[in-house]
Amino acid sequence: MAHAALPGICIAFLLYGQKSLLVFLIGAACSGYIATVCIQFIVKHTRIKEDAAIGIVLSVFFGLGIVLLTWINQHEGGNQSGINDFLFGKAASLTGSDVNVLTVTAITMITTILVFFKEFKIITFDRAFAQGIGVPVSLLNGVLMFLIVSVVVIGLQAVGVVLMSALLITPALAARYWTEKLEWMMWLAGGFGALSGVAGAYISLIAYVPTGPLVIIFATMLFICSFLFAPKRGLCSKMIRRYIQRRTLRAKQLYKRGEQA
Amino acid sequence: MNPLVVEQVTVAYDRQLVLEDVSFSVPEGKLVGIIGPNGAGKSTLMKAMLNFIPRMHGNVFVYGKPYEKQRHLVGYVPQRNSVDWDFPTNALDVVLMGRYGHIGLWKRPRKEDVDIAMQCLDKVGMLPYAKRQISQLSGGQQQRVFLARALAQDASVYFMDEPFVGVDAATEKAIVQLLNELKMRGKTVLVVHHDLQTVRDYFDYVLLLNKRVIAFGETESVFTYDHIQKTYGGKVTFLSAAHIVG
């Protein structure tokens with residue numbers, strides 16, 4: 001999705017002439033939508049499976065985005081516009097009005113999710129059933145898609161195109177190791193994302209390294225910690241549990257043998 | 001008034017007809033088995049009746065009105081493998097989803113809904129597993145959770161897509177018991193079914209389907225050797241067919 005958004009953002013920039021989150025959002029939503037339509041078209045009319053179709057379409061869109069980005073950088077005074085920060089992200093390039101837009105969007109998104117939490121949950125778990133009980137599935141799915149596109153566009157400036165999808169997925173994956181409830185998973189994922197964001201941005205400021213990669217490194221570290229040390233699903237706790245089981249089993253067998261002797 | 005009337009339903013994928021002119025009408029309080037070989041369009045018929053896939057032609061009436069206006073009267077139990085069982089939620093939560101239609105958009109489930117969900121879990125013998133993460137349930141238990149969810153919906157007509165596939169004997173028995181209970185309460189249940197051996201024991205009515213309706217009616221009179229042969233294109237051997245028909 002992030003990859004598909006890039007050409008839209010570039011075209012929006014070319015048309016509008018300056019940096020504006022709202023215009024970028026529209027551009028990203030349009031090209032994201034076109035990419036989705038392309039993917040669905042390929043799946044429906046050829047023998048190509050969905051994952052392959054996604055790969056084809058996204059790489060084409062990303063390639064197109066890079067071409068446009070390079071072109072902008074060479075013309076149009078792109079260097080001053082800060083649009084090249086979109087590749088790897090630079091939190092320091094955010095302006096005061098950007099922060100306002102970010103805040104408003106974040107609050108709107110959280111409210112939307114809280115209001116329709118039950119519906120989002122059922123359409124992700126079992127869409128057919130949701131449709132059967134009269135949930136407006138296509139509408140809500142559209143809303144959900146819109147939320148994702150908005151997140152992508154907003155995050156682009158901070159972490160960059162290349163790593164946006166990682167930031168979308170990694171905190172959620174990490175959170176999955178700690179809980180079996182979607183509610184908790186959502187809050188945890190948000191928390192993990194925020195934590196990686198703060199840590200990455202801070203180090204990026206003092207070390208002059210792009211923000212995006214640092215944020216993702218932090219998110220990935222959180223993921224690895226969760227993967228290893230989460231109490232129930234973590235690898236270590238699983239191994240410890242298995243070790244204890246094996247020992248008790250062996251002790252029991254020894255005891256039995258002792259009794260027989 | 002019949003709870004379910006299907007008129008000339010026709011469905012095509014890519015210009016190829018998968019269901020042709022399917023019509024039948026089910027009286028109230030009957031258990032109906034939908035029988036046919038792989039690719040006969042059994043699941044497709046169910047999905048077309050529920051508007052999950054577009055119908056090229058035809059109408060579905062539930063208690064006299066078009067299905068679109070009577071959605072709340074129809075409960076659906078999808079095939080078990082149609083969802084991701086690793087989804088972070090527990091059995092009670094899944095059953096509560098059956099109440100969403102009653103709760104309405106954006107409102108939270110009330111205590112009353114939780115109580116109903118618990119009763120439904122109890123009916124399928126899953127009460128002890130209410131708080132269990134759904135990925136930790138066995139195949140049969142997952143199927144029972146789906147059934148409990150359909151019960152929680154409190155519908156009048158139920159569509160069940162292969163509820164007996166891959167379940168153990170205990171679950172099969174529990175499902176049959178549940179089907180009979182639904183029937184006693186005047187509900188109408190359509191079941192996509194594979195096992196020819198049990199058709200006579202489980203169903204009052206049977207729909208023999210192979211792209212078209214081969215036969216529809218009371219099991220006693222319709223589930224005959226000739227009809228089965230016609231449905232399966234003569235692939236059921238004489239001996240086993242004779243055995244099935246009894």
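How many bridges join strand 3 of chain B to strand 8 of chain B, and do the two run parallel or antiparallel? In this predicted model, the count is five, and the two strands run parallel. One of the pairings puts B:Leu31 with B:Val189 as its bridge partner. Strand 7 (residues 157–161) of chain B is also joined to strand 8 of chain B by five bridges, again in parallel. Here B:Met160 stands opposite B:Val191. Getting from strand 7 to strand 8 of chain B involves helix 6 (residues 169–184), and the three pieces together make a right-handed β-α-β unit.

Strand 8 of chain B is well tucked away, with six of its six residues buried. One side carries B:Thr188, B:Leu190 and B:Val192, the other B:Val189, B:Val191 and B:His193, and both faces are covered.

Zooming out, chain B holds 10 helices and 10 strands. Its C-alpha atoms fill a box of roughly 50 × 40 × 35 Å along the principal axes. A compact globule of 246 residues would have a radius of gyration near 18 Å, so the 18 Å of chain B agrees with that picture. Buried residues make up 54% of the chain. Among contacts in chain B with a separation of 6 or more, 66% link residues 24 or more positions apart.

Over in chain A, helix 3 (residues 50–74) has 25 residues and reaches 36 Å from its first C-alpha to its last, close to the 36 Å expected. Its buried residues include A:Val57, A:Leu58, A:Phe61, A:Phe62, A:Gly65, A:Leu68, A:Leu69 and A:Ile72. An α-helix has 3.6 residues a turn, so residues three or four places apart point the same way.

Terms used: Residues numbered from 1 in each chain as written. Chains lettered and ligands numbered in written order. Predicted model: local features only at pLDDT ≥ 70, side-chain atom pairs only at ≥ 80, totals over all residues. Heavy atoms only, no water. Buried < 20%, exposed > 50% of the residue type's maximum accessible area, 1.4 Å probe, protein only. Helix = DSSP H or I, 4+ residues; strand = E, 2+ residues; numbered from the N terminus. Pairing = 2+ DSSP bridges. Right-handed = clockwise from strand over helix to strand, strands pointing away. Expected span 1.5 Å × (residues − 1). Rg over C-alpha atoms; globule rule 2.2 N^0.38 Å. Contact = heavy atoms within 4.5 Å.
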